[in-house]
Amino acid sequence: MKIGIIVAMDKELRQLQRLFSDDEVRVVKCGIGKVNAALGAQRLINEFHPDAIISSGCAGGNGDDIQVQDIIVGSEVTYHDVYCGTAIDNTTVYGQVQGLPVRYAADPQLLQAALSLADQQSSADSQIPPIHQGLIVTGDWFVDSREKMQQIVDLFPEARAVDMESCAIAQTCYLNQIPFLSFRIISDIPLRDTDASQYHDFWDTVAEHSFQATKKLIEKVINQG
């Protein structure tokens with residue numbers, strides 16, 4: 001089974017590339033933002049022909065029970081900065097590209113594999129932090145203030161994480177009929193932060209082992225075939 005993993009930044013790429021030596025797993029960097037994410041996903045599909053694609057890397061978290069280093073598994077993803085209006089079709093909702101799904105659901109098998117990692121959390125050497133599932137919202141904002149995050153949460157109060165790539169990758173996978181999952185490590189919680197200090201601290205102090213859970217996920221997916 002061939003798995004493609006897409007990240008946005010060099011520092012995420014370095015964390016993950018050293019974890020995988022299997023030719024059946026390819027980790028690529030797409031660059032930051034929705035256009036780069038879609039182009040990177042399409043290139044990965046064209047060149048590698050994966051059986052599934054996983055969007056990994058970090059994200060901002062939302063919720064009283066979410067902590068830095070926790071994992072958010074996107075049971076569904078949508079855009080927080082897309083609005084097509086109602087002039088042509090009054091059934092299109094905020095976050096939806098007209099003519100495409102309101103939200104992109106995770107592949108059920110990939111989602112189940114990710115959630116089953118929680119069974120390993122009781123092991124002392126599991127290196128798997130708490131796992132939460134829910135909505136991940138995507139947009140071309142780096143959310144570096146409470147005010148920005150609050151605008152997003154006002155529109156999507158159920159959102160568990162916000163990033164800049166996952167929904168664009170999900171849309172590309174949908175159009176190509178490729179199973180997709182977003183599996184994101186929380187680097188910061190913008191509603192509790194004032195100047196993105198949590199984000200910078202994440203990379204300075206705790207990122208080193210944060211991506212081991214991604215490796216565990218890929219191993220589980222491959223073993224399940």
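Thr194 lies in the loop that links strand S9 (180-188) to helix H6 (197-206). The model described here is predicted. Thr194 is exposed, with a relative accessible area of 54%; this value counts as exposed because the cut-off is over 50%. The C-alpha atoms of Thr194 and Ser145 are separated by 5.6 Å, although the two residues are 49 places apart along the chain. Contacts of Thr194 were also examined with its neighbours within four places in sequence left aside. On that basis, Thr194 touches Asp144 and Arg146.

Strand S7 (residues 131-138) presents another setting. Seven of its eight residues are buried, so S7 is largely enclosed by the rest of the structure. S7 pairs with strand S5 (residues 71-79) and runs parallel to it, joined by eight bridges. S7 is also joined to strand S8 (residues 159-163), by four bridges. This second pairing is parallel as well. Thr138 of S7 takes part in both pairings. Opposite Thr138 stands Tyr79. In S8, Asp163 is the bridge partner of Thr138. In a regular strand, side chains alternate between the two faces of the sheet.

Helix H5 (residues 166-176) is likewise buried for much of its length. Eight of its eleven residues are buried, so the helix is largely enclosed by the rest of the structure. The buried set begins with Ser166, Cys167, Ala168 and Ile169, and continues with Ala170, Gln171, Thr172 and Cys173. Just after H5 comes Gln177, which takes a positive phi of about 60 degrees.

A further feature is the packing of two helices. Helix H3 (residues 108-116) and helix H7 (residues 212-224) have axes that come within 9 Å of each other. The axes cross at roughly 125 degrees. H3 and H7 are therefore oblique to each other. The crossing of H3 past H7 is right-handed. On the H3 side, the contact is made by Gln109, Leu110, Ala113, Ala114 and Ser116. H7 contributes Leu217, Lys220, Val221 and Gln224. Of the residues in this contact, five are nonpolar, three are polar and one is charged. Lys220 is the charged one, because Lys counts as charged.

Note on methods: Residues numbered from 1 in each chain as written. Predicted model: local features only at pLDDT ≥ 70, side-chain atom pairs only at ≥ 80, totals over all residues. Heavy atoms only, no water. Axes fitted to C-alpha atoms, helices over the stretch in contact; angles between N-to-C directions. Parallel < 35°, antiparallel > 145°, perpendicular 65-115°, else oblique. Left-handed = near helix turned anticlockwise from the far one by under 90°. Contact = heavy atoms within 4.5 Å. Buried < 20%, exposed > 50% of the residue type's maximum accessible area, 1.4 Å probe, protein only. Pairing = 2+ DSSP bridges.
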